[in-house]
There are 4 protein chains.
Amino acid sequence: MDLGDDHFHDECGVFGVFGAGEAGHYTYLGLHMLQHRGQEAAGIVTSDGKQLFAHRGLGLVQDVFDAAGLERLPGDRAIGHVRYSTSGESQIKNAQPLAVDYAHGSIALGHNGNLTNAVELRASLERDGSIFSTTSDTEVLVHLIARSKGRTTVDRVADALQQVRGAYSMVFLTKRELIAVRDPHGFRPLCLGAMNDGHLISSEPPSFDLVGGSFVRDVEPGEMIVCDESGLRSLRPFSEGGQHMCIFEYVYFARPDARLDGISVYDARKRMGVELARECPAEVDVVIPVPDSGTTAALGFAEAMSTPFELGLIRSHYVGRTFIEPQQSIRNFGVRLKLHPVRDLLEGKRVAVIDDSIVRGTTSRKIVQMIRDVGAREVHVRVSSPPTRWPCFYGIDTPSGGELIANRHGSTEDIGRFIAADSLGYLSVAALHRAVGGDGYCDACFSGDYPVAFEEPNQKKRQLGLVGV
Amino acid sequence: MDLGDDHFHDECGVFGVFGAGEAGHYTYLGLHMLQHRGQEAAGIVTSDGKQLFAHRGLGLVQDVFDAAGLERLPGDRAIGHVRYSTSGESQIKNAQPLAVDYAHGSIALGHNGNLTNAVELRASLERDGSIFSTTSDTEVLVHLIARSKGRTTVDRVADALQQVRGAYSMVFLTKRELIAVRDPHGFRPLCLGAMNDGHLISSEPPSFDLVGGSFVRDVEPGEMIVCDESGLRSLRPFSEGGQHMCIFEYVYFARPDARLDGISVYDARKRMGVELARECPAEVDVVIPVPDSGTTAALGFAEAMSTPFELGLIRSHYVGRTFIEPQQSIRNFGVRLKLHPVRDLLEGKRVAVIDDSIVRGTTSRKIVQMIRDVGAREVHVRVSSPPTRWPCFYGIDTPSGGELIANRHGSTEDIGRFIAADSLGYLSVAALHRAVGGDGYCDACFSGDYPVAFEEPNQKKRQLGLVGV
Amino acid sequence: MDLGDDHFHDECGVFGVFGAGEAGHYTYLGLHMLQHRGQEAAGIVTSDGKQLFAHRGLGLVQDVFDAAGLERLPGDRAIGHVRYSTSGESQIKNAQPLAVDYAHGSIALGHNGNLTNAVELRASLERDGSIFSTTSDTEVLVHLIARSKGRTTVDRVADALQQVRGAYSMVFLTKRELIAVRDPHGFRPLCLGAMNDGHLISSEPPSFDLVGGSFVRDVEPGEMIVCDESGLRSLRPFSEGGQHMCIFEYVYFARPDARLDGISVYDARKRMGVELARECPAEVDVVIPVPDSGTTAALGFAEAMSTPFELGLIRSHYVGRTFIEPQQSIRNFGVRLKLHPVRDLLEGKRVAVIDDSIVRGTTSRKIVQMIRDVGAREVHVRVSSPPTRWPCFYGIDTPSGGELIANRHGSTEDIGRFIAADSLGYLSVAALHRAVGGDGYCDACFSGDYPVAFEEPNQKKRQLGLVGV
Amino acid sequence: MDLGDDHFHDECGVFGVFGAGEAGHYTYLGLHMLQHRGQEAAGIVTSDGKQLFAHRGLGLVQDVFDAAGLERLPGDRAIGHVRYSTSGESQIKNAQPLAVDYAHGSIALGHNGNLTNAVELRASLERDGSIFSTTSDTEVLVHLIARSKGRTTVDRVADALQQVRGAYSMVFLTKRELIAVRDPHGFRPLCLGAMNDGHLISSEPPSFDLVGGSFVRDVEPGEMIVCDESGLRSLRPFSEGGQHMCIFEYVYFARPDARLDGISVYDARKRMGVELARECPAEVDVVIPVPDSGTTAALGFAEAMSTPFELGLIRSHYVGRTFIEPQQSIRNFGVRLKLHPVRDLLEGKRVAVIDDSIVRGTTSRKIVQMIRDVGAREVHVRVSSPPTRWPCFYGIDTPSGGELIANRHGSTEDIGRFIAADSLGYLSVAALHRAVGGDGYCDACFSGDYPVAFEEPNQKKRQLGLVGV
């Protein structure tokens, strides 16, 4: 059902604890704070110094783990993972952390990102007699580790990672060590925290607060952090990659209360709204967001336009996944379950609606209609990011090229007609970079400039549905 | 667990359909839009003109009903109910609609409100040989109907209602008739809607939109609406009561997108913020709401103060009821699961936090602390309603007098000290009335002026813990 | 699905505890031992001397109650109930014990049996303003108690029971008293047990052993046993009825390890087999039972025939209610899930199959076919009771007259042809009485001689489908 | 909880279908008939000729699969598995069939048995870089297949199996082939069936009947059966091993209605009873079995002793796994939940109780006590197999040597004293062989003669707790 959630989806979040009492429990709480990064599966692996304990399941963190389950995850070190996955693959076998035994004991790992040479590596490993139990790209890493001649776990993990390309913010756990790695491009975020004498790792800093810990610093691109009984050390086993943090984390994925690589997500989103007002102003009576993801940019937009900001769409807190539609179908059913317009605010008004992005366009079209239905005179849509024209190969679930409205409908005008808005405006790529600030970002989904090469010449084209062109 | 939901709770919402195809299914959707009025139990009774079909259960609407369950609720007329209840009474037997057989066939009813002479009536009925299966005040009505000598269902329902006092917005269903009644004071809202040739009844208008219907008008205090095969008629079987619509519906209970008795809830809340700025201004750098209930008033407050409005507290969409706390307890655990401050926004700032009400004060105290923890220089709390000093006897679940912080701690200063704010300001009762506009409200929870007398002299005092004073 | 369970079904079992520590828990165990008397719903009500606590649910005893649920049933007195009901009525609202409040406090009751004047009484009560929440005949009793002018609970219960007719073995619980009553005819069994200083009540004695108690004696027809703080006393508030214990309890309903009214069920069943051998001998190579209900009679039959007894049909221990049949349907699917023939035992043999009764005949037909399929030369069916031609009105669920094969197919020969047996033999009514021994039985389902009159002249005929004949 | 199930447990059952419409559904039914071989996990993998589909879960077959789940298992070929496992390992990851991808596509396998050189092979594979996801010995086979240089699936499977030792009745599935193999010793049973034009494989023949198929022949020790589009062929890729079918299958594991390797299990069990009467007669009034596993032997014993056979212990059909015991513990609680003695049959009698085996002795002790409690004068226990002194390494779960009562208590007299019987008699090993008939059995659990060598000299001793002796 279309519940008005027309977004790219981050594929995962990771969390790690070393040297803190109830590590499994803290990981459970940390994952709760990363729940927005993956709602389809969750898992935790802990170690008590002697062996690993694991539990994984499909669903939200609070559904996968109960009190009895947490008690079966003892130890003072742990890693955890939340996963988003496309519907066809929503299988328990793909839930992470993966945990296996090999010649040097047990090892578990959780991965946020996507390896761009996984198919190639998998074929090669299979030729050498490896078996695969999942359809996930992450599994090749376990084989590379197991086949490495490295003397220590750190050597073997570094050895394996030197063979893969693409995006990976990862946590590894053996019975004695916690290892956290961020790929040389730093595609996905990864942070280091502290808690009493222990160390924390997380995709985003706000998760440190819930467990009573605090943010220390971002893990740097290409950095490997190793925690064991002798303390914490930082290694740099990779050649430089050039920083390419995903700019979409600032647009939509990350929590607004997070600061990533030194930049406040909240501030960046507000500046996107300001830039948007500069590039695509709208003469309106009221500015409203599509809640909650468009709210911060809408505040910036309204402020820059000196136009009143109002919450013109009310979001339900009770929308689960299993609503039943009557036989005589209701117009815009899914979106209506989640969003409802405030008639008294919108009737007779010229309205600017701010959203963070448009992927397929169907939800935007329904929202525009819903606002007109309560009597808005004009509906102007403003999007706080550029048109999303290219799929992501670095850990974001994007629909195939043909489904992207910005790919199908060439121009902004065409898209505006499709969603039936009185006007439509996107932020430019340059303005987005200005709004976020700093440099070294991956903006491939907007620009098509992919910082990491593909496995084979035609893969990119094939995935975009362009082979033969 | 304290999840930061320190509010009075509306005890119920009701919905009704007459003459529209899949009435059970439409009621299911209507109840979803009233879910905020009761999350502990839900029920639907339908009629196909020949007999009644019922299903009730504990939990949210989407959990109580599945596709197979809705198919077992055939017919083109239906009533539904969502219920909030204090924890001790969260039993399936108290779920509504009640449905019974009596001499004249089957009748079902759903009640939003509270009868103030229920104890007295129940004792009298028991003396005459009646049995009671629930602990709900609503059950006395069924007995009064069954014992009435009235010739028609309408006569018997009117006869029964003439014997009760207090608050009731109710829906009744027999196999042929739908009856909706609002008590003479009009304590709780009730609205009439239309859908094709059919009629709709609901506690709040936005639920009409989801099923594709439209708002017609409010049911008036003292009005009884009867729908049967001969059409819809309006009766006035009660003596005048003087209108006393619950003013707290505008403060917190109702949806912001609702218009009740001609007044937009959104507008009223924004004006509360404006009035609050006049009465209790705060020299601050930023105004933030406690989301979502304080958001609209905060917009008004910020506007009136010409101070930036920001979303300084991020609310989680994933908080269920069963979070497990670690043994080594975490400070402000429950509130943190639900709310997280945006450090980059609040650090070093003077902050005004706007909430709609303070009941026990413990949550406010945790929120103030949480904001200080991220470095706010000053934290000023502003409440868009007066201190809640008195329990409600008209359908709102209020803690006993002793738990109400405004009852325990005499002055605003004392409360401010308890929640550890740099300053605390409440809206005055007069300003609240100004903000809502119009007249004829019950504000007993703020003022102690109860429009309907109690069953016995000491009841009020006893409930307030004041007997002996 | 037809799982080969073509039987009449006892509608209920009851259990009671007075003055024994964990009374709710003991009742849970007692009900487990009565599970064969009702698998569709179970309930327990306890008292701690101050108030009643109740829990009811659909399903087996072990599914309805968990550890946390049992802890919410405190007190040293309790009653419990297991219920069988026809599919259409398998609703939670009909689960027992019923528990209500009335003028003199709370009362709960559990009923095994059926009241033959319930419709009449219900109509009269409704005329006087009573409401009914269930479709069960038991609910009239609660109203009669509530309307009684009796001074004590015992007076009111006796007063109410004097107005009903039919079959009732019942347990009542108030906060201070446990009352057990068996109707003057003694249709259904009821026993008294002891446990330390406490008293036990049960439909069948083996349930006493599981809780560590012991059998004291049968409750006599027309006896009312009252347990309160002053001890146990026996009353006889009813006029004599003439004993009419249900003879089918000995044929099938009761546990084989029970002794009811002084007669061992196991012994009676074995004697039925012996009598059957006398009346309908079969020249065969092997005697096999339909397990488990035909096993004891088959032992008697084989012994009397001096023919080897073998377990030629293996019964699965893993058959639940939800088996899914493939699209390409399998012959005798349901019966095969539960029973499987031992080919090596039956191939080439003349086989006598002993069953306790035949209701619809469809299962017997499948069993005969299944035995032929593995190569039996002849299949002779012997039934250890007479043809069941008449419905029961005293607490047994019997199909309507038209479904009873002995009603539709007049003669034993016709039935034998329907089930495709080489021969078919039933026990005669006289021989059944001889086998059980003693006298004073109800055998209405075999003979049509109903010891208690019906509410109105034509009811019996109508229920039998004979009106107009 | 001790539910009176003091038995060795078979570790698994396997089923396979090739070329029959709803293969997944037929496998579901076939597994139901093998449920006694494993109740802790179940799984099915199907193929539609293009890819494999898998579902596994913990619990009974009927709980693991629902209608929707079966629809997601399309195709006309399938394999299935039921699993028993010791409690500590009851994890979803060990459920079978295992299914992996490797260089030549996908392969799934289900295993009944135990590999005696798995630890050795696993260590060697790990040294070569293999990873392991389960703790099951079966996983080594997948690696051996993946690393084989064989050209075809058949070559690779044969190559892998030539490297393992021990017990294996297995089914393999690729998208195009079904392969079934029984180890050269034939430790565990395996049968071939037919159904229309399709082929069936099962651990025991009765499962063929439920799906409408028929028994063709036993798979021979050392035989590999391959089904693909060109038909069925039989291969013999292994060197001869000498037949060593598990004799305990006839004593307890197999269904009584099964015929394995040409011998009827029912007949064999009856002959065990006859031999037992010859070797250990008992002068008693009545012979009763411990149901259901002792029943067939008890029939033989009673017949040979010319003593009446009776069902003196009634077994409950409603015992699940989650019964809650009251705080004030009940004597023999677990056994009582499942078995209840028929007092009227046993009181004052000399009783012979026939069981198929005694493992720990605690259940037997409780049963003897329970029979005495209802007044038996003497209780003589007779066991239709020899004392179980040695653990099994070929696919049966046996407690460690120290828990085996026949290991701890040297003599039959000592064991008799422990279980407090008036006398105790076991069948001799020679008589057991006579009863089963034929030759070529493994009787290691009775005799200690293990037909397949162990991985290292001391393993056997260590597992028996004898190292150092």
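# A tour of the chains and their sheets

Begin with chains B and A: together they bury about 5200 Å², 58% of it on carbon and sulfur atoms. Buried area here is the accessible area, taken with a 1.4 Å probe, that two parts lose on being put together, summed over both. What you have open is a predicted model, in which local features need pLDDT of at least 70 and side-chain atom pairs count only at pLDDT 80 or more, while totals for chains, interfaces and linings use all residues. Residues are numbered from 1 along each chain as its sequence is written, chains are lettered from A and ligands numbered from 1 in the order in which they are written, and side-chain values use heavy atoms, with hydrogens and water left out.

**Stop 1**

The rule for a salt bridge is a side-chain nitrogen of Lys or Arg within 4 Å of a carboxyl oxygen of Asp or Glu, and it finds four of them across the interface of chain B and chain A. Polar contacts are pairs of N or O atoms within 3.5 Å; within protein, one must be able to donate a hydrogen and the other to accept it, and residues adjacent in sequence count only if both atoms are side-chain atoms. Between chain B and chain A, 32 residue pairs are in polar contact, both residues at pLDDT 80 or more.

**Stop 1: a six-stranded sheet in chain B**

Stay with chain B and show its open sheet of six strands, in the order β6-β7-β8-β9-β13-β14 with antiparallel pairing. Strands pair if DSSP finds at least two bridges between them. At the edges are β6 (98-102) and β14 (231-235) of chain B, each with a single partner strand, so one side of each is left without a neighbour in the sheet. The twist from one strand to the next averages 20°.

Inside this sheet, pick β9 (residues 178-182) and β13 (residues 224-228) of chain B, an antiparallel pair joined over four bridges. L178(B) stands opposite C227(B) in β13(B).

Next, select E229(B) and R77(B), whose side chains form a salt bridge (3.9 Å, N to O). E229(B) sits in the loop between β13 and β14 of chain B and R77(B) in strand β5 (residues 77-83) of chain B, so the pair ties together parts that are 152 residues apart in sequence.

**Stop 2: where D meets A**

Now bring up chain D beside chain A. About 1500 Å² is buried between them, with carbon and sulfur atoms giving 52%. Highlight D101(D), E126(D) and I131(D), which supply 35% of the area that chain D buries against chain A, more than any other three residues. The contact takes 17 residues from chain D and 18 residues from chain A.

Two salt bridges are counted between chain D and chain A. To see one of them, select R122(D) and D101(A), with their closest N and O atoms 3.0 Å apart. The elements β6 (98-102), α4 (118-127) and α5 (139-147) of chain D each supply at least two residues of the side that touches chain A; α5(D) has the largest share, four residues.

**Stop 3: a parallel sheet in chain D**

Finish on the open sheet of chain D, where four strands run in the order β18-β21-β22-β24 with parallel pairing. Its edge strands are β18 (286-289) and β24 (423-426) of chain D. To follow one pairing, select I288(D) and its bridge partner V353(D) in β21(D).

Notes:
Axes fitted to C-alpha atoms, helices over the stretch in contact; angles between N-to-C directions. Contact = heavy atoms within 4.5 Å.
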